[in-house]
Amino acid sequence: MAISLVKGQKISLEKEAGTGLSKVVMGLGWDAKKKKGLFGFGSKDQSIDLDASCVLFDENKNMVDTVWFKQLKSKDGSIIHTGDNRTGEGEGDDEQIIVDLSKVPANIKTLMFIVNSFTGQNFGEIENAFTRIVNHADNKEIARYNLSCNGNHTAMLMAKVYKHNNEWKMHAIGENCSGRTFHDLMPVMQANL
């Protein structure tokens, strides 16, 4: 059974998923809240473009690479973004980032996962938002973090996956911030390395 993560919680991915964990999927899902129509009657659909990104840092806390909607694959090929969803429509994961842990270069110590509202709506306008990490081999969910929260922030530093004593761990950070792309969140990511 998957762990429902709380802000600040840390887990060992390998202990939770079992031995032989080599590839994980970071999934992001959301729905746009219906907007009230003219004079408060009825409702209308709105599109909210949330974007999942992964930023790779080395042992010296330097950014080495990024995976996001403008670069769907890391330079070394170990991390792949499956594509940009601009509406949040549909069930399950709306965006996915696949990480082959066995192929992440040895100098990479931290993978930061962020989500931002590229269209600028705040998180008070979304619902059913989550991020989850899944074992790619058997499609079993390892952990889930609820992102649905009212607030005027437009981005969130969701989690970091990092290597400690030769073992991959995950830290649910859940820090609210503002920004349209990962570039705007660099100071927050640096502070959480």
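1. Strands (E, at least two residues) and helices (H or I, at least four) are DSSP runs, numbered from the N terminus. With that in hand, Asp58 has Ile108 in β10 as its bridge partner.

2. Some housekeeping. This is a predicted model, where local features need pLDDT of at least 70 and side-chain atom pairs count only at pLDDT 80 or more, while totals for chains, interfaces and linings use all residues. Residues are numbered from 1 along each chain as its sequence is written, and side-chain values use heavy atoms, with hydrogens and water left out.

3. Now the sheet. Six strands make an open sheet in the order β2-β14-β13-β10-β6-β7, with antiparallel pairing. At the edges sit β2 (10-12) and β7 (63-67), each pairing on one side only.

4. Have a look at β6. Strand β6 (residues 50-58) pairs with strand β10 (residues 108-117) in the antiparallel sense over nine bridges, and Phe57 stands opposite Thr110 there. With β7, β6 has four antiparallel bridges, and Val55 stands opposite Thr66. These two strands, β6 and β7, form a hairpin with four residues between them, and Lys61 in the turn has a positive phi of about 65°.

5. How buried is β6? Nine of its nine residues are buried, so β6 is largely enclosed by the rest of the structure. Buried here means under 20% relative accessible area, with exposed over 50% and partly exposed in between (1.4 Å probe, protein chains only). Leu50, Ala52, Cys54, Leu56 and Asp58 point one way, while Asp51, Ser53, Val55 and Phe57 point the other.

6. On to the inside. A nonpolar core is a set of buried Ala, Val, Leu, Ile, Met, Phe, Trp, Tyr and Cys residues joined through side-chain atoms within 4.5 Å. The largest one has 40 residues, of which Leu13, Val99, Leu111, Phe113, Ile133 and Met170 touch the most other members. The top contributor is β3, with five residues. A second, separate core of 15 residues includes Trp68, Phe69, Met112 and Ala155.

7. Last stop: Asn192, in the segment after α2 (186-191). Why does Asn192 count as buried? Because its relative accessibility is 18%. Its side chain makes a polar contact of 3.1 Å with that of Glu175; such a contact is a pair of N or O atoms within 3.5 Å, and within protein one must be able to donate a hydrogen and the other to accept it, with residues adjacent in sequence counting only if both atoms are side-chain atoms.

Technical notes
Pairing = 2+ DSSP bridges.
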